[in-house]
Amino acid sequence: MKLIVGLGNPGKEYENTRHNVGFMVIDNYLKNVKSNNFKTKFSGLYVDLIINGEKVIFLKPQKYMNLSGEVIREFIKFYKVNIEDLLIISDDIDMLCGKIRLRSKGSSGGHNGLKNIELETGTNEYKRLKIGVGNNKNVETKDYVLGKFDQQELQIINETIEKTEAIINDFLQKKFDELMSKYN
């Protein structure tokens, strides 16, 4: 069983914000496989599919970003997901808009959602797909990540999100390590 989590903040006011790029990736993937029948459990919206003969859960935690680890912990516990079968998709303000980076483990890099996941799971050894959202040093970080993409950024992000479908498929086929060298 695999658990693929897109990080974001719940609510209409956060749609198309930099912090919600994880939600955007999940929505795009599910649109492309024509499945968006979200169910609710443990303060999360999720879809479970059988892909390549294996159960895969796509999750969008519905607690705010800095509490998303609580939701993920509950899914891991309930579904008995091994940590090596967890993929977290998040924004990264330390990378240029649209850049992709894959990691098999590492620090939170100051990202509050990742900090909470590490706290709640007791490890930082989970796979991550990070998407660069750029950084405007003239804007307070909290305001920046909660700000909406401008038209040019949104075009770049949408093009990047299209590329993530292949990354997720390769993760499902256990080819994550091969991908890391391609995207890093």
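1. In helix α6 (residues 176-183), the buried residues are Phe176, Leu179, Met180 and Tyr183; buried means under 20% relative accessible area, exposed over 50% and partly exposed in between, with a 1.4 Å probe and protein chains only. These residues lie on the same side of α6, because they cover an arc of only 110 degrees around the axis, the arc being that of the directions from the helix axis to the C-beta atoms. The face turned away from this buried side carries Asp177, Glu178, Ser181 and Lys182, which are exposed. Helices (H or I, at least four residues) and strands (E, at least two) are DSSP runs, numbered from the N terminus.

2. The model is predicted: local features need pLDDT of at least 70, side-chain atom pairs count only at pLDDT 80 or more, and totals for chains, interfaces and linings use all residues. Residues are numbered from 1 along each chain as its sequence is written, and side-chain values use heavy atoms, with hydrogens and water left out.

3. The buried residues of α6 pack against β5 (86-92), β6 (100-103), β7 (127-132) and α5. With helix α5, α6 makes an angle of about 145 degrees, the axes being 8 Å apart; axes are lines fitted to C-alpha atoms, for helices over the stretch in contact, and angles run from 0 to 180 degrees between N-to-C directions. Lys163, Ile167, Asp170 and Phe171 of α5 meet Phe176, Leu179 and Tyr183 of α6, where contact means heavy atoms within 4.5 Å. The residues of this contact comprise five nonpolar, no polar and two charged. Here Ala, Val, Leu, Ile, Met, Phe, Trp, Tyr, Cys and Pro count as nonpolar, Asp, Glu, Lys and Arg as charged, and the others, Gly among them, as polar.

4. The largest nonpolar core has 34 residues, and those with the most contacts inside it are Ile4, Phe58, Leu87, Ile89, Leu102, Ile168 and Leu172. Such a core is a set of buried Ala, Val, Leu, Ile, Met, Phe, Trp, Tyr and Cys residues joined through side-chain atoms within 4.5 Å. Helix α5 (residues 151-172) gives the most to this core, with seven residues. A second, separate core of 18 residues includes Val71, Leu86, Leu114 and Tyr126. Apart from neighbours within four places in sequence, Leu172 is in contact with Lys2, Ile4, Tyr29, Ile51, Glu54 and Val56.

5. Seven strands form an open sheet of mixed pairing, in the order β2-β3-β4-β1-β5-β7-β6; two strands pair if DSSP finds at least two bridges between them. β2 (39-41) and β6 stand at the edges with a single partner strand each, so one side of each lacks a neighbour in the sheet. From one strand to the next, the twist averages 25 degrees.

6. Strand β4 (residues 54-61) is largely enclosed by the rest of the structure, because seven of its eight residues are buried. Four bridges join it in the parallel sense to β1 (residues 2-6), with Leu3 having Ile57 as its bridge partner in β4. Eight bridges join β4 to β3 (residues 44-51) in the antiparallel sense, and Lys55 is the bridge partner of Ile50. The hairpin of β3 and β4 has two residues between the strands, and Asn52 takes a positive phi near 55 degrees there.

7. β2 and β3 run antiparallel and are joined by three bridges; Lys39 stands opposite Tyr46 in β3. Helix α2 (residues 68-79) packs on the sheet, touching β1, β2, β3, β4 and β5, and its direction makes about 160 degrees with that of β4. α5 also packs on the sheet, touching β1, β3, β4, β5, β6 and β7, with its direction at about 170 degrees to that of β7.
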